[in-house]
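These are my notebook entries on one structure. I set down what I looked up, entry by entry.

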Amino acid sequence: MGLKTVEEISADSAFSFTPGKSKLGNKYDWLIFMGPAMLLVGVFFIAPVIIVFIISFTDMSSLTGFSNWSWIGFDNWIKIFTHPQSSQHVGVTVIYVFFTLVFFNVGLALVLSILTTHIPKAAGFAFRALWLIPRITPVVVYIMMWRYLMADSPYGIFNEIFFRPLGLDTSEMVSAHPYIAIILVNGFIGASFGMIIFTSAIESISKDMMNASLVDGANIMQRIRHIIIPQIKWPLMFVTTFQTLSLITSFEQIMILTDGAYGTEVWSLWAYHKGLNNYFGQFQWGFAMALAGILVIISIVFCIAYLKFFKFSDMIQEPKIETL
Amino acid sequence: MIAVSKIRTFPWGKVVPFTILLIFSIPLILGIYWIIISTFSVSTRGLIPIDSAGNPGGLTLANWSFLKDPEVWRLTWNTFVLATTLTFGVLLVSSMAGYALSRINFKGRKTFLGSTMVLQAFPATTLLIATYFVLRFISGVPLLSVFGYDTLGGVILVSIATQLPLGIWLMKGFFDAIPWDLERAALIDGCSRWRTFRQILLPQIRPGIAALSVFSFIIGWSSFLIPYSFMTNQDTAVISTYINRLMQDTAPVNYSTVAAVGLFQLIPVIFFFIFTQKYLLAIFAGGMKGGS
């Protein structure tokens, strides 16, 4: 990025200036600015995507090591369909994604954003801040909090405060109701994303329209049904698709909470266990890459859908480049 | 006037939404309250602190004795190094790329901008196993091995990369909001791109830089999955992996001690959060607003 002399720059820019087509600075300046980002994206996004698919066609594992492996074609991909555990992992993933999405990441998010915009501004802001805490809390600390909330009597908070006084079952809740546990834990983090986006969408609905609905005597349910929901249709769809994808591929919280025990090993955690981290230290990289490859394909499909349906391409047309 | 009186008699009032919000928030409120209480208690039953005999009471500072443990401070230092280098890395790389995408017309600009946007939605966790191979490969390259597998350097690089799509997108947005005139004058007067960027544009987006810094620092300080996956060495572990180890211990877990370490990790985050929540909200929403 050597400094240029005044003459060079003048030659580049000022004196060769033609409206609408000026070239300011050096022709390859962009490479200096883009270089580091392109390198990192190449090494840690593009290369891994290629590696996933390449290794999925090998029998590489901790037995073959990095040198004694061989190509086995589509065997790993076929194995996914014949593996006795596949359907169980698909099942838990579908249940987990569906219920977290419907009840929390979209449902509760919508409830929170509607309620916090219908109480005094400061209180609404305070509640939204409270709901952001799960998202910013270090994930291990957050899971620790839930473990204790759901612990057995006489320790667990839910059991001690709500269930024991009612004479209900007070055993440890994570192992007793593992699906509810993973859905709750992830849902309380996920709700804030939709909440923020819905809130700004609701706040941008014109006040006239909101007031008109009051004057016309609409009750809150009618107002939600006929004013708010239609007005935030796009954010709703965006949050739904975005959160679907991130739920399908997320496993961090589940890993810390149960590590896949009690039938909670979702697809992405299964792949992670097979390929990177398990109790026995036996890795089947080839198979794990095929499992991850399914997720990569799903992700790519979703990303293409974003580009198409959310008009992302329109958003990248307008920046201030040097057409004067 | 009619409208005003209608609003005053609005049947749902403020009480009902408030109550519903409180009910939904109960787990959060109880959980946070418990973390604070238990760090000062021998043990807890529900939310009630108890002493070793099982009677209510038993407030103590013993759980904080980990602060005298040099290992914890080494982990804290590692975490701090991870968080600060991540912050600097993300700021440097994404401000440079954001500048180019906002201001320079080059071939492939649109493609890169599009992929930056799409990569925000692309879940990097699907690539963790493959990233392991990348780091393994880097380990084998002479001179680059400090960024390889099982090093803090490698973890930092991977973390920077995963934050880049959001960082670049935000930075580009900040640059887009700055009028072009000042900079054009400088460029025509013969100032280089690099100097224009550093001396004219960067000072203008200070609030944006501050927001992204706080955000990146919190991400780095809290991160678990990447250090956990790529640093098996105890010497370079971070607080998150340490807490996880305490929690997964096969012996009965002393939650009060773990909670104290957890609160120790949480305090800086909450501190930043309280003072910068407006900016953070903007980042959480801003990066993802596309298409709404």
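**Entry 1. A residue of chain A**

In which helix of chain A does A:M144 lie? I found A:M144 in helix 6 of chain A, residues 139-149. I take helices (H or I, at least four residues) and strands (E, at least two) as DSSP runs, numbered from the N terminus.

I note the basis of the work here. The model is predicted, and local features need pLDDT of at least 70, side-chain atom pairs count only at pLDDT 80 or more, while totals for chains, interfaces and linings use all residues. Residues are numbered from 1 along each chain as its sequence is written, and chains are lettered from A and ligands numbered from 1 in the order in which they are written.

Is A:M144 buried or exposed? A:M144 counts as buried because it has 27 C-beta neighbours inside 10 Å. My cut-offs are 20 or more other C-beta atoms within 10 Å for buried, 12 or fewer for exposed, and partly exposed in between, with C-beta atoms placed from the backbone.

I then listed the contacts of A:M144, leaving aside its neighbours within four places in sequence: B:I243, B:M247, B:V258, B:A259 and B:G262. A contact requires that the C-beta atoms of two residues, placed from the backbone, lie within 7 Å. I also looked up A:K207, which is 63 residues from A:M144 along the chain; their C-alpha atoms are separated by 43 Å.

**Entry 2. Chain A against chain B**

How many residues does each chain bring to the contact? I recorded 101 residues from chain A and 95 residues from chain B. On the side of chain A that touches chain B, helix 2 (residues 29-55) of chain A gives the most, with 16 residues. That side of chain A divides into 77 nonpolar, 17 polar and seven charged residues. In this scheme Ala, Val, Leu, Ile, Met, Phe, Trp, Tyr, Cys and Pro count as nonpolar, Asp, Glu, Lys and Arg as charged, and the others, Gly among them, as polar.

**Entry 3. Chain A overall**

I counted 16 helices and zero strands in chain A. Of its 324 residues, 46% count as buried. Among the contacts in chain A with a separation of 6 or more, residues 24 or more positions apart account for 66%.

**Entry 4. Helix pairs**

I looked up helix 2 and helix 15 (residues 285-309) of chain A, which pack at an angle of about 125 degrees with their axes 7 Å apart. Axes are lines fitted to C-alpha atoms, for helices over the stretch in contact, and angles run from 0 to 180 degrees between N-to-C directions. Helix 2 and helix 15 of chain A are therefore oblique to each other. Angles under 35 degrees count as roughly parallel, over 145 as roughly antiparallel, 65 to 115 as roughly perpendicular and the rest as oblique.

Which residues make this contact? Helix 2 of chain A supplies A:V49, A:V52, A:F53 and A:I55, and helix 15 of chain A supplies A:W285, A:G286, A:M289, A:A292, A:G293 and A:V296.

Among the residues in contact are B:S159 and B:Q163 of helix 6 of chain B and B:G208 and B:L212 of helix 9 of chain B. The contact of helix 6 with helix 9 of chain B has five nonpolar, six polar and no charged residues.

**Entry 5. A residue of chain B**

I placed B:L246 in helix 11 (residues 239-247) of chain B. B:L246 counts as partly exposed because it has 18 C-beta neighbours inside 10 Å. Not counting residues up to four places away in sequence, B:L246 touches B:V253, B:V258 and B:V261. The C-alpha atoms of B:L246 and B:V258, twelve residues apart along the chain, are separated by 6.7 Å.

**Entry 6. A loop of chain A**

Where does A:D259 lie? I found A:D259 in the loop between helix 13 (252-257) and helix 14 (267-275) of chain A. A:D259 has a positive phi of about 55 degrees although it is not a glycine.
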